Amino acid sequence: MKFRHAALLTIALSSPLTFAHAQNANAKPAGLKFRVQQLHVDNNEGCAVADYNKDGKLDISAGEYWYAGPDFTEKKPLRRLLPFGKDYMTNNAEHAYDVDGDGWIDIVSGSFMDGEISWFKNPGTEGLANGTPWEKHVLIDTKLQQNEWTTFRDMDGDGIPEFVVNSWNDDNPMACYKLIKNDKGEPAMQQWIIHPAGKSTNGHGLGFGDINGDGLEDIIFKNGWYERPAKDATTQPWKLHNDFTFVHASCPMQVVDLSGDGRADIIWGDGHNYGLWWEERRDDNKDGSTNWRTHLIDNKFSQPHSLEWEDIDGDGQPELITGRRVRGHSGNDPGDNDPGVIYYFKWNKETKTFKRFTIAEGGPGIGLQIRVVDLNGDGKKDVVCAGKSGTHILWNEG
């Protein structure tokens, strides 16, 4: 049985407790305080955090620039990004990784309409000090366009991350790219298709977690989920289960056991409309397909395109961090032109509801990546976002 999400169906299935929360979504309960630091304003929507200059302090990269910690006050050149469309730049997520193994953290990145996946070589001590641009090297030309988002994740359990591409085009394959060495001994990539036996499918939204309880991480996406094989994940087909459809699903979605029953639930947002939900796992349908009950978390802000699940208040329990992706479709989506917002939501296991707390309103919003990390070593996790409202640090002041 295939479950197709729609707003009316969501309302019909939501519990009274969830509605009680939704009706009070405008309330602003006391929570953590955050200080906003703006680093730059452009249309770049990707960012990463790593120690790029090897001084023992975390730095931030965001599109064309990187910023040295711990104050992040100086904008330093990294690479050139080309503009396209009304208000886009050619970066749909960036990832910090030492690609060539020289001890310096590089950047791996792709783009929306360009099939190339590239890495940008960290120029080292002298180059970083002199503002030398990071040299671009193409890892592979995938020949695939319409790329919504990318992530860097170990998909086969060998300890080395693969580059995973999510496409908004349902007809594009779900593809991963392994880091390898070419005939010259240089860094390169090799493509493998998640579902080579039969038609592979993709679709707006991506997440990772153990759906069937076999201890292996599966893939969820707009049109269902791919079951990881018991062994040889890079050579064996992943079984496709078309059990649900989540339109414009967030990148990423989160797979978490919220109800405490030992089964994975799903948290997702509509990246191009209003709506943030969690899907409660129920007993399987008679035909063996998975069965989910939809609960509304919040429908008072639009474009929750990216979600993170991190313990931001230090109580030992993760919170949901998200916000509005500003002008995700250049002003053409519901609420697309509203000011940016960033929130965190605390989960109450007893009432099975989320409570919203404000990180920032009326200015900073999110893009395609949210980084949640303790930037200054004070024991409190901060938030880094890059989007069309600019690149910001949200300093957690407790």
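Strands here are DSSP runs of E, at least two residues long, numbered from the N terminus. By that count, strand β11 covers residues 116–121 and gives 3 residues to the lining of the second largest pocket, the most of any contributor. The model is predicted.

**Largest pocket**

- The largest pocket holds about 590 Å³ of space.
- Its lining is made up of 27 residues. Nearest the centre of the largest pocket lie T151, R153, P252, E308 and R371.
- Seen by element, two or more lining residues of the largest pocket come from each of β3 (48–50), β9 (94–97), β13 (147–153), β17 (206–209), β22 (254–256), β26 (308–310) and β30 (370–373).
- Strand β13 supplies the largest share of this lining, with 5 residues.
- By residue class, the lining of the largest pocket splits into 16 nonpolar, 7 polar and 4 charged.

**Second largest pocket**

- The second largest pocket has a volume of about 260 Å³.
- It is lined by 15 residues. L81, T90, S111, D114 and K136 are the ones nearest its centre.
- The lining of the second largest pocket divides into 5 nonpolar, 5 polar and 5 charged residues.

**Cavities**

- Rolling a probe the size of a water molecule over the atoms shows where empty space is left.
- Across the whole structure, the search finds 2 cavities of 30 Å³ or more.
- The largest cavity has a volume of about 100 Å³.
- Lining the largest cavity are 18 residues, with T142, L144, N147, V165 and Y177 nearest its centre.
- Strands β11, β13 and β14 (162–167) each give two or more residues to the lining of the largest cavity. Strand β14 gives the most, with 3 residues.
- The lining of the largest cavity comprises 6 nonpolar, 10 polar and 2 charged residues.

**Cysteines**

- The whole structure has 0 disulfides.
- C176 has its closest cysteine sulfur in C251, 15 Å away, so the two are too far apart for a bond.
- C176 is buried because its relative accessibility is 0%, and buried means under 20%.
- C385 has its closest cysteine sulfur in C47, at 6.6 Å. A disulfide needs sulfur atoms within 2.5 Å, so this pair is too far apart for a bond.
- C385 is also buried, with a relative accessible area of 0%.

**H241**

- H241 sits in strand β20, which covers residues 239–241.
- H241 is buried, at a relative accessible area of 14%.
- Its side chain makes a polar contact with the side chain of E227, at 2.8 Å.
- With neighbours within four places in sequence left aside, H241 is in contact with N223, G224, W225 and E227.

**V255**

- V255 lies in strand β22.
- V255 counts as buried, with 17% relative accessibility.
- Beyond neighbours within four places in sequence, V255 is in contact with F208, G209, D210, I211, I220, A264 and D265.
- V255 and G110 are 145 residues apart in sequence. Their C-alpha atoms are 25 Å apart in space.

Notes
Residues numbered from 1 in each chain as written. Predicted model: local features only at pLDDT ≥ 70, side-chain atom pairs only at ≥ 80, totals over all residues. Heavy atoms only, no water. Helix = DSSP H or I, 4+ residues; strand = E, 2+ residues; numbered from the N terminus. Buried < 20%, exposed > 50% of the residue type's maximum accessible area, 1.4 Å probe, protein only. Polar contact = N/O pair within 3.5 Å; in protein donor to acceptor, adjacent residues only side chain to side chain. Contact = heavy atoms within 4.5 Å. 1 Å grid on protein atoms, 1.4 Å probe; cavity = no way out; pocket = protein on both sides within 12 Å on 5 of 7 lines; lining within 4 Å. Points joined across faces, edges and corners; volume = space filled by probe spheres on them. Nonpolar A, V, L, I, M, F, W, Y, C, P; charged D, E, K, R; others polar.
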